[in-house]
Amino acid sequence: MTDPNNKPRTVICVGDIHGYLTKLLNLWSNLRSQIDPDSFNTATVIFLGDYCDRGPDTRKVIDFLITLPKRYSNQKHVFLLGNHDFAFGGFVGVLAGEFEAKETWMEYADNEEREGWYKGEGYEKMHLQGRRWGGWIKAKFNAAKGIDYKGSIYDAAPTFESYGVAHGSSEINTLRCSFLKWLLRLVLSHAILVEIFEILEELMKAVPEAHKKFLADMVWVHEEDDVCIETQEGVKHCKLIAVHAGLERGKNVREQLEFLKARDARVPKVTDLSGRKDVWDIPKELTETILVSGHHGKLHIEGLRLIIDEGGGLEGNPVAAIVLPSMKIVRDTDNFS
């Protein structure tokens with residue numbers, strides 16, 4: 001709702017961060033400097049997902065984000081789940097609901113070898129996207145982005161490294177192989193067993209519980225009523241829907257929203273979190289509704305369709321946010337001094 005003094009509330013939508021702490025800190029500083037203190041301190045801040053991978057500081061990015069509710073207690077913070085976060089959560093076992101892991105693999109099983117799905121400790125109970133995230137892709141070059149892959153198809157190696165663990169938990173695989181060899185030779189002493197299990201336990205604890213909770217608690221979609229936006233026709237009062245990639249073309253919007261709210265991880269792939277052309281446009285049945293997303297590696301504003309992902313996880317690109325109702329774009333690279 002708008003304030004009693006008729007001043008529209010401020011809504012800030014922050015694009016994909018992808019493990020770049022310095023960019024996030026600079027963007028946050030620029031937002032504070034460009035929005036008056038009262039509006040900033042009471043703003044609704046919607047992070048559009050993809051906090052991990054590609055950049056070097058995923059752990060520190062999440063450390064920063066989980067402190068915001070205490071540091072800015074009068075703000076409202078929304079953390080959307082991105083497709084990279086879904087995969088990260090699948091790897092560490094915190095996806096919502098119950099699902100049969102192997103059923104999520106079947107449709108895409110022909111891709112397993114090419115994409116190098118993770119097949120180390122615990123893979124039998126892992127969601128498809130978790131296996132893709134923690135694996136090793138055979139191709140070295142990502143032709144679509146014009147850069148080398150960083151470990152897996154999700155570029156997850158920097159995320160592992162930010163937690164002090166080699167990508168794909170190769171230490172676990174090595175230890176597991178050694179463990180089996182020693183078992184076969186029947187030369188394991190009790191002390192060696194204890195030591196190995198302690199090391200495995202420490203590696204499994206590399207991601208702190210607070211970070212696992214952050215991943216587990218992310219929402220797949222967020223809705224806000226009465227959000228103001230400046231247009232050529234004047235200020236409009238609209239509903240706002242925020243979802244990482246968008247809403248799928250040709251499918252019932254209400255059913256999509258219900259599915260996203262249910263956070264049903266039984267499916268192998270969530271198009272609204274990972275689609276491209278099929279979620280680019282705003283569905284025709286939505287009227288007077290802002291649809292805001294990240295994901296696409298572009299800054300695209302067309303009517304009430306807002307795509308805020310100027311960075312795309314690339315080192316040389318900025319991380320951007322849009323401020324409503326003004327529609328002002330703020331970047332980490334802006335110099336307002």
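Which residue forms a salt bridge with aspartate 155? In this predicted model, the partner is arginine 54, with the closest N and O atoms 2.9 Å apart. Aspartate 155 sits in the loop between strand S5 (147-148) and helix H8 (157-162), and arginine 54 in the loop between S2 and H3, so the pair ties together parts that are 101 residues apart in sequence. Aspartate 155 is buried, at 2% relative accessibility, and arginine 54 is buried as well, with a relative accessible area of 10%.

The structure holds 16 salt bridges. One of them joins the side chains of glutamate 224 and arginine 9, at 2.8 Å from N to O. Here too distant parts of the chain are linked: glutamate 224 belongs to strand S6 (residues 222-231), while arginine 9 lies in the segment before strand S1 (11-14), 215 residues away. Both glutamate 224 and arginine 9 are buried. Lysine 251 and glutamate 248 also meet in a salt bridge, at 3.5 Å from N to O; lysine 251 is partly exposed, with a relative accessible area of 46%, whereas glutamate 248 counts as buried at 16%. Finally, a network of salt bridges links Glu223, Asp225, Lys239 and Lys261.

Most residues other than glycine have a negative phi, and most peptide bonds are trans. Aspartate 50, in the loop between strand S2 (44-47) and helix H3 (58-71), has a positive phi of about 60° and is buried, with a relative accessible area of 1%. Histidine 295, in the loop between strands S8 (289-293) and S9 (299-302), has a positive phi near 75° and is buried at 6%. A cis peptide bond, with omega about 15°, joins leucine 324 and proline 325.

Technical notes:
Residues numbered from 1 in each chain as written. Predicted model: local features only at pLDDT ≥ 70, side-chain atom pairs only at ≥ 80, totals over all residues. Heavy atoms only, no water. Helix = DSSP H or I, 4+ residues; strand = E, 2+ residues; numbered from the N terminus. Buried < 20%, exposed > 50% of the residue type's maximum accessible area, 1.4 Å probe, protein only. Salt bridge = Lys/Arg side-chain N within 4 Å of Asp/Glu carboxyl O.
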